[in-house]
Amino acid sequence: MRWTQTLIPTLKEVPADAEIISHQLLLRAGLVRKLAGGLYTFLPLGLRSLKKVEQIIREEMNRAGAIEVSMPCLQPPEIWQASGRYETMRDALCRVKDRAQKEWVLGPTHEEVITTLAAGEMNSYKQFPKNFYQIGIKFRDEIRPRFGLMRAKEFIMKDAYSFDTTDAGAMESYRKMYDAYTRIFARCGLQAFPVEADTGVIGGNHSHEFMVPAATGENDVVYCEKCGYAANIEKAISGVPRTAAREVGPEIEKFATPGVVTIEALGKAPYSVPANRQIKTLVYLADSQPVLILLRGDDQLNETKFMARTGAIAVRPADAKNEADQALFTALGAKPGSLGAIRNVPTGWKVYADERLRGANDMTTGANEDGFHFRSVSIERDIRVTEWHDLRTVTAGEPCAKCGGSLKIRRAIEVGHVFKLGTKYSEPLNATFLDETGKRLPSVMGCYGIGVTRTLQAVIEQGNDKDGVVWPVTVAPYQVCITPLTVAAGSAPMVLAEKLYAELTEAGIEVLLDDRDERPGVKFKDSELVGFPIRIGIGEKSLAKGEVEIKARAGAVQGVSVDAAAANVIEWVRSELARLNAPAKPVI
């Protein structure tokens, strides 16, 4: 391909609405263009790289025994109602109506569709196991699309769904997908690592996310360098001890705390109650029902953990300034800052407590009377706890629950997610089969997603420098850019450029010939910005020495003889391809 025959609209300036480096480079390198918030058009170079990511995924899915299908984006809401996700994912669903005013769902994922298919086609144990996958467009009604392809309304995803007859078989399917994901991200040149994850609205009881370390990532990952433990902060646990027990008086003591409404204020003189001896009381609405959540004063609630542990679907904190919520605080008898779970807890309200408080005594908590607190509180004696759960958010420096090492936290981008679903979808959607004894059982399922467009941007987020993108050779739009500094027909640089172009193309190397009549500086800067893995510069001065200048994207310029140039580049590209395509070792 010649530069003048395609469209590569590079930009010198950083677009004002591009917040992170990968989004900036997607636009500056002429890979995509924004149509509207969360909607992007892929330009020729961006599409080439996207298709390469897709092909790597397709090859590894096929290698793992998955079968490619294509499912409709337009889905009937009835199957979503049957699975229960029409309500739980309501805020994320894009819905449209046809001319008959019938509602349809634009698929954000396809668990319901594939399970409906399996219910109609797979009725005997002899038809198992099966794993179906597709690569296609998904739609999600993002409240705030941002970061380019990272959080978009329309995106490309690879989703796969396995069907097994036993739990053991489902775990084997899970392992195959886990291993395939390890290879996929390695071949894309990504340093991705798996972490334990919450299953969220997808459901199931076993899950890993594949994360790419990035300062601009939207996920916090907790990890231990000593033993290798890693988990999304929504799932992470630590080895922090429970609150130490102390001697405590025979009953609680009420004391005045006028104007004290924060953990910090209660910790100051004249009260001097440290945060780790305070009980923080939160008022929440869980599936529209009021509940109290108790944590130690120096801990923070992890809402995702709360939802996972309690099964709540819709959760939000009650707001004392919200007229609709004011009745909750009236029922308790106090405003936030003086709340507790000892007195005035309305009948029917559940009280959830974090495990770190179990057995704690000599604690201080609100008295459910503005301006007053209780001290000498014993959790077991004075508070009626409905359920105990791990509800707190892990913080850096805490001991690892597995080995005692010091936990660390870093930001990361989620590029893939694997779930063991069990029978969450097969039961309500009647995806059953007859086993060897003639007994009808539900299929045991798994689902496995990769954000294809997100993966492409993650490659750029991880591979860049001050000059632009640094593509791995496996997903670069072109592997080689030939840059003659003189493009006049018949000129020595252009004649050699054409010759090298033909030789490299014949050898299966993907080449872009920069035939623009531009200044050398412009051409070199564009080459660096777009990020071609290797560039061959051909000028009159180097030719006078019988050389061309070869530069790997992240390396130095080297003079190579004209006769050896093609062989040198072919060897380099093939070596890089072999390195990145080597089987990756799974770490599960």
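The residues lining the second largest pocket of this predicted model divide into 13 nonpolar, nine polar and two charged; Ala, Val, Leu, Ile, Met, Phe, Trp, Tyr, Cys and Pro count as nonpolar, Asp, Glu, Lys and Arg as charged, and the others, Gly among them, as polar. A pocket here is an open set of points on a 1 Å grid over the protein atoms alone, with protein on both sides within 12 Å along at least five of seven lines, and lining residues have an atom within 4 Å of a point. The lining has 24 residues, and Lys280, Thr281, Leu282, Pro336 and Gly337 lie nearest the pocket centre. Helix H7 (263–266), strand S14 (279–286) and strand S18 (363–366) each give two or more residues to this lining, and S14 gives the most, with six. Helices (H or I, at least four residues) and strands (E, at least two) are DSSP runs, numbered from the N terminus.

Another strand, S10 (residues 206–213), holds serine 207. Serine 207 counts as buried because its relative accessibility is 5%, the limit being under 20% with a 1.4 Å probe and protein chains only. The C-alpha atoms of serine 207 and phenylalanine 419 are 4.5 Å apart, although 212 residues separate them along the chain.

Residues are numbered from 1 along each chain as its sequence is written. Local features need pLDDT of at least 70, side-chain atom pairs count only at pLDDT 80 or more, totals for chains, interfaces and linings use all residues, and side-chain values use heavy atoms, with hydrogens and water left out.

Technical notes. Buried < 20%, exposed > 50% of the residue type's maximum accessible area, 1.4 Å probe, protein only. 1 Å grid on protein atoms, 1.4 Å probe; cavity = no way out; pocket = protein on both sides within 12 Å on 5 of 7 lines; lining within 4 Å.
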